[in-house]
Amino acid sequence: MLWLIRFIGLLSQAIFIEFLHIFGLIVFLLAALLGYFRAPWWIVPALAIASGFFANGFIDLTYLTEIFRRVASASDRWAFVIVVYFAITIGGYLVGLLGRSFMRRARRL
């Protein structure tokens, strides 16, 4: 149980760092658009894996990761970066689906 709480804390810090770097925010908004326009569900894992590999290979987060030292060591592992982007894309996709349903409810009223 303690391991799970620590992992959730580490994951939330990593997501925060990715949003600070703006690339994570762009991926989140893209996933929200995919959810809003009801793209197929399999696009979400594909987007997460592609953006995770891109972020791990091409984006340098060393100036931001000095804030969170534990996240810096975890972000060096490509598998953890992909888990972070899975969380970002699933969250964005769900926000897009919820936004679409709220827009439909607003139109009915």
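In helix α6, Phe80, Val81, Ile82, Val84, Tyr85, Ile88, Thr89, Gly92, Tyr93 and Gly96 are buried. This is a predicted model. Helix α6 covers residues 78–108. It packs against α3 at an angle of about 135°, and its axis also comes within 6 Å of the axis of α2.

**Helix α6 on its own**

- Helix α6 has 31 residues.
- At 1.5 Å a residue, α6 should span 45 Å. Its end C-alpha atoms are 45 Å apart, so expectation and model agree.

**Where α3 meets α6**

- Helix α3 covers residues 43–58.
- The axes of α3 and α6 are 8 Å apart, and the packing angle is about 135°.
- The crossing of α3 and α6 is right-handed.
- From α3, the contact uses Val44, Pro45, Leu47, Ala48, Ile49, Ser51, Gly52, Phe53, Ala55 and Asn56.
- From α6, the contact uses Trp78, Val81, Ile82, Tyr85, Phe86, Thr89, Ile90 and Tyr93.
- Among these α6 residues, Val81, Ile82, Tyr85, Thr89 and Tyr93 are buried.
- By class, this contact has 14 nonpolar and 4 polar residues, with no charged ones.

**Where α2 meets α6**

- Helix α2 covers residues 23–36.
- The axes of α2 and α6 come within 6 Å and cross at roughly 45°.
- Helix α2 passes α6 in a right-handed crossing.
- The residues of this contact divide into 13 nonpolar, 7 polar and 2 charged.

**Ser51, inside the α3 contact**

- Ser51 lies in helix α3 and takes part in the contact with α6.
- Is Ser51 buried or exposed? Its relative accessibility is 4%. Buried means under 20%, so Ser51 counts as buried.
- Leaving out residues up to four places away in sequence, Ser51 touches Phe23, Val27 and Tyr85.
- One of these, Tyr85, is a buried residue of α6.

**Tyr36, in α2**

- Tyr36 lies in helix α2.
- Its relative accessibility is 24%, so Tyr36 counts as partly exposed.
- Which residues does Tyr36 touch, not counting those up to four places away in sequence? They are Gly96, Leu97, Gly99, Arg100, Met103 and Arg107.
- Tyr36 and Gly96 are 60 residues apart along the chain. Their C-alpha atoms are separated by 4.1 Å.
- Gly96 is among the buried residues of α6.

**Two loop residues**

- Arg38 sits in the loop between α2 and α3.
- Arg38 is not a glycine, although it has a positive phi of about 55°.
- Relative accessibility is 53% for Arg38, so this residue counts as exposed.
- Asp60 is found in the loop between α3 and α4, where α4 covers residues 62–65.
- With a relative accessible area of 47%, Asp60 is partly exposed.
- Asp60 and His21 are 39 residues apart along the chain, and their C-alpha atoms are separated by 9.3 Å.

Methods: Residues are numbered from 1 along each chain as its sequence is written. This is a predicted model: local features need pLDDT of at least 70, side-chain atom pairs count only at pLDDT 80 or more; totals for chains, interfaces and linings use all residues. Side-chain values use heavy atoms; hydrogens and water are left out. Helices (H or I, at least four residues) and strands (E, at least two) are DSSP runs, numbered from the N terminus. Buried means under 20% relative accessible area, exposed over 50%, partly exposed in between (1.4 Å probe, protein chains only). Contact means heavy atoms within 4.5 Å. The expected span of a helix is 1.5 Å times one less than its number of residues. Axes are lines fitted to C-alpha atoms, for helices over the stretch in contact, and angles run from 0 to 180 degrees between N-to-C directions. A crossing is left-handed if the near helix is turned anticlockwise from the far one by less than a right angle, and right-handed if clockwise. Ala, Val, Leu, Ile, Met, Phe, Trp, Tyr, Cys and Pro count as nonpolar, Asp, Glu, Lys and Arg as charged, and the others, Gly among them, as polar.
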